Amino acid sequence: MTEKPKLGVYICHCGINIASTVDVEAVTEFAKGLPNVIVARNYAYMCSDPGQLLIKNDIKEEGVNRVVVASCSPRMHEPTFRKALQEAGLNPFFLEMANIREHCSWVHGDREEATAKARRLVAAAVAKVRQLEPLEEREVDAEPAALVIGGGIAGIQAALDIADAGFKVYLVEKTPSVGGRMAQLDKTFPTLDCSACILTPKMVDTASHPNIQLMTYSEVEEVSGYIGNFDVKVRKKARYVDFDKCTGCGECAAACRMANRIPNEFDAGMGKRSAIYLPFPQAVPAKYTIDPENCLYLTRGKCGKGPKCAEVCRAGAINFEQQDEIVEFKVGAIVVATGFDVFEARKKPEYGYADYPNVITGLEMERLVSASGPTGGQIKIKVEDEEIVPKEIAFIQCVGSRDKSVGNEYCSRVCCMYTAKQAHLVKDKIPDANVRVYYMDVRAFGKGFEEFYDRVRREGIHYIRGNPSEIFKRGSKLVIKVEDTLTATPMEDEVDLVVLAVGLEPRQDVRKIIDLLRLSQSPDLFFLEAHPKLRPVDTATDGVFLAGCCQGPKDIPDTVAQAKGAASSAMIPLARGKVKIGAQVATVNENTCRGCGFCVEICPYSAIELVAVNRFGHPVQVARVNEALCKGCGSCSAGCLSDSIQPKSFRDRQILPQIAALGVMR
Amino acid sequence: MWGMMMSTENQTFAEKLDLFGCIQCGRCTGGCPVTVRTNLNVRRFVYDAKNEEMLEELSKLAEIWDCTACHTCAVRCPKGLKPLEVLFGLRTLVVESGKTQPTVRDALESVFREGNPWEKPRATRYDWMEGLEVKIADPEQPVENLFFVCCTIAYDPRVQIVAKNLVKILNQAGVDYGFIGENESCCGSEVFALGEEGLFEMTVEDNTEFLNEFQARQLVTLSPHCFTTFRTRYPDLNKPVLHYTQLLDQLLQEGKISWNQDLPKKIVFHDPCYLGKQSLVFDEPRRLLKSIQGVELLEFDRSRERSLCCEGGGGKMWVESESKAQRLAETRIKDAKEMGAEIVAVACPFCVLTLEDAMKALGYEEEMRVAEITELLGELLA
């Protein structure tokens, strides 16, 4: 630290991104005159190899020992330039970036004023870099295990990949079975392979894989710690069925007094189940669960002369005394794969979903056409108490998607294709049906999608361009009020059955996961990835990754691809066995700290605790920072009453000269 | 550059109405209730009006006067546009050129001169109060509820009963209220719809200044048209706005009003567009009707958000309809008849006039009745 600062300042043109608005030559000349600057240069692309070489050479040959790069946001290239410093033998934290792109050239039009601002930003960076201290990054051990939250296709795929690579995986699923939404689907577009057929082998693998500990009917309650060292608490909800004794024979469900009386969630409420149930025939694990909200014995304490299920169970597996169980374990990384809910069609009352039983959602249609569904795959509806096969069938696209009036501006990406698929299946099962699809744009963007859309139209499905506005009843028919926009013809189309292609929304209980893992949401309220393009499976919380529809609507191929990406990212710390901890963390001056604990309260990462120390023979409390948890956000510093806690690289003595050099303070 | 960005003067017609935000999905025209009887296709107007040079030609099309301002197109638009305002904008061109129908011209002139579109002198605005004990609000004195009587209710002998009965109910319930008196002026709802932009702006400015002077906790309107117009087009109004059904419902919940007589009738409630669709007041009027002993409340299939417009708004009171097809009000009355309703209850003066007219035209006077809710309630008071 005794070494005299010798500064190198490097102004980037960023092609014309900066240079067309900022006079880079003028800024370079200006920088040359700033204190301790021994070299100032400008270059077309500082981040390129030759750009970095300029810096490295100056460090080696000119003795530059502090570097200012005036270019873009540090979010992108700070790691790039730090690496360059390191490779040239300089401490990587002797770097300061002046953001003259996002903060200057991109937001200003006037060249002279933008240049003046760039000068100030560079002067501020110069003022700060002179005060910087060398920092060391440290490493801690990482637990070679992962937690996967959610047992749909995304969670299943991520868990299998991580487990196959040899790491321990805890797969936690809220419902009694893995499988998720994909298990509810009949056929999958555009190949029409049976969803269950391709999914169930993977479901079975999650239960049998030696590296996977499958916890169904369980919820993550608490996560603390940091990348490499997360402490996880899971609540395994009481099934009231002895997991090891249950043989899955199903006699209990048949005997249950509530049999065929409770809407079956798996059938989107269309079929009925018992209070003791297996969500669907291929459920994994094939173990029964008692629904505590509907079981007579659990809600009223009485079920006839005694619970029927217990009476008929030959394995003696029913156990009403069973309690929730808390399981604790440690993991190095977490994959969030919590999926989606379908749009609540009641939020568009104009479609009459709440009023007319023959207005159904796409998910309900999946169950209606599925061989394992409530009608055994026969498409039948009730009209005035009579069961009929519908002949006039309409699909309505974009229900709850691309629609500001319900707050969802995004496209749900799967509805165009699932509608095409369902229209095909309907036509297949009811060849003389008149099937039309009301659409506003058809988005068939994926592999094989456009070809499938072509095929479906040629099968006689009528695509009519117009988004219906209202549904009402006339006699026994449903009337769709709609305009054929291609011929400008307003119509009242009379049909038997309407299928609403409901879009995808974040899970209703999304808040729980947000609070648990400190995740953020994008404007569409799905989980926010760390970077929309270059870090699509990462989150702002290191060590937590996203897979599947919890990050945004996706079809199955994209979900599986993202799950594999998330698994691979999650495995990086597990495979290395070590994780780096940030160096720019808060540090406490224990001599002046008064141990008030204000910073402990403020810290959003729970990274600070009070510890007892001996000060000249007196036991006193002082704050101490867990550097692995600290993100260097500076909240503690802003709140400290005695200026005793400050983040490294952002100490008062470092940022005050920087602010002063901006010339905006008196 | 800053100045340009701030200015709205330099916005084109298409920019002002966000016409480039339209994706031509057709929900506006699909939902438009009058398409079953006129050639109006509001989506086409949104599309064509993006071309500034076509505006003049578009403004000459008769259909622009077919819109009833029910706002279904705006409520349903997935991109937040208000397609009907394209039609109002085109009406503005006609009004500014001075080539409007005489009835429209006279109504607008009457608003300008007398503060009402019915060509009645301002001095007679509160003639309906005669013989009633009505409290008049004093701007100097604080009052809980300031009542705004719609022009139609104030002057039209058929619907004056709404105000009269409301006064009786308020007096009996001991509510702290005040009516405005003869200085009350039209809210401008129909002026806006008829495209008289300048007069509407002036109306908003004058009314805001006038109403803000009163030290009232809330402004209570009798017509849903005034209600929605004050709520959505008076940005600087300094008090919350209620429809009278909301206030009465509140009094009912608090046990401050009750009815002395039964009404053993089958009643169906018709949701006015300005109260339901546009302001989402659905339950209050229904609760009021249900509070009457003996009432069997029926529901139209097309009710609440899917209610069918009666064609009374959008300035249609002053524009003759060319179409020979069945009026929507007649469709409505027929539906009510078919379900066995004895009373069609409404909460809007325009709905009373249009639906009653349709009922008479269909010859159902003997077996049916159209009534504003206050009409029924007033009859049940001691």
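A:Pro190 sits in the loop between β8 (187-188) and β9 (193-194) of chain A, where strands are DSSP runs of E with at least two residues and helices are DSSP runs of H or I with at least four, both numbered from the N terminus. The peptide bond that joins A:Phe189 and A:Pro190 is cis, with an omega of about -10°. This is a predicted model, in which local features need pLDDT of at least 70 and side-chain atom pairs count only at pLDDT 80 or more, while totals for chains, interfaces and linings use all residues. Residues are numbered from 1 along each chain as its sequence is written, and chains are lettered from A and ligands numbered from 1 in the order in which they are written.

A cis bond also leads from A:Val284 to A:Pro285, with omega near 0°, and A:Pro285 lies in the loop between β15 (276-277) and β16 (289-290) of chain A. Most residues other than glycine have a negative phi, and most peptide bonds are trans. A:Glu384, in the loop between β21 (381-383) and β22 (386-388) of chain A, has a positive phi near 50°.

Strand β26 (residues 470-474) of chain A runs antiparallel to strand β27 (residues 477-484) of chain A and is joined to β27(A) by five bridges, two strands being paired if DSSP finds at least two bridges between them. A:Phe472 stands opposite A:Val479 in β27(A), and in the turn of this hairpin, which has two residues between the strands, A:Gly475 has a positive phi of about 60°. β27(A) also pairs over seven bridges, in the antiparallel sense, with strand β28 (residues 489-495) of chain A, where A:Val495 is the bridge partner of A:Leu478. Four residues lie between the strands of the hairpin of β27(A) and β28(A), in which A:Ala488 takes a positive phi near 55°.

How do the helices of chain A meet? The axes of helix α5 (residues 111-129) and helix α19 (residues 652-662) of chain A come within 7 Å and cross at roughly 155°, where axes are lines fitted to C-alpha atoms, for helices over the stretch in contact, and angles run from 0 to 180 degrees between N-to-C directions. α5(A) is therefore roughly antiparallel to α19(A), a term for angles over 145 degrees. The residues of this contact divide into eight nonpolar, two polar and two charged; here Ala, Val, Leu, Ile, Met, Phe, Trp, Tyr, Cys and Pro count as nonpolar, Asp, Glu, Lys and Arg as charged, and the others, Gly among them, as polar.

The axes of helix α13 (residues 415-429) and helix α14 (residues 449-458) of chain A come within 10 Å and cross at roughly 35°. By class, the contact of α13(A) with α14(A) has seven nonpolar, one polar and no charged residues.

Chain B is assigned domain 1 (12-97), domain 2 (102-251) and domain 3 (257-380), with bounds that come from an automatic or database domain assignment. The C-alpha centres of domain 2 and domain 3 of chain B lie 22 Å apart, and 31 residues of domain 2 of chain B are in contact with 28 residues of domain 3 of chain B, contact meaning that the C-beta atoms of two residues, placed from the backbone, lie within 7 Å. On the side of domain 2 of chain B that touches domain 3 of chain B, α10(B) gives the largest share, seven residues.

Notes:
Angles under 35 degrees count as roughly parallel, over 145 as roughly antiparallel, 65 to 115 as roughly perpendicular and the rest as oblique.
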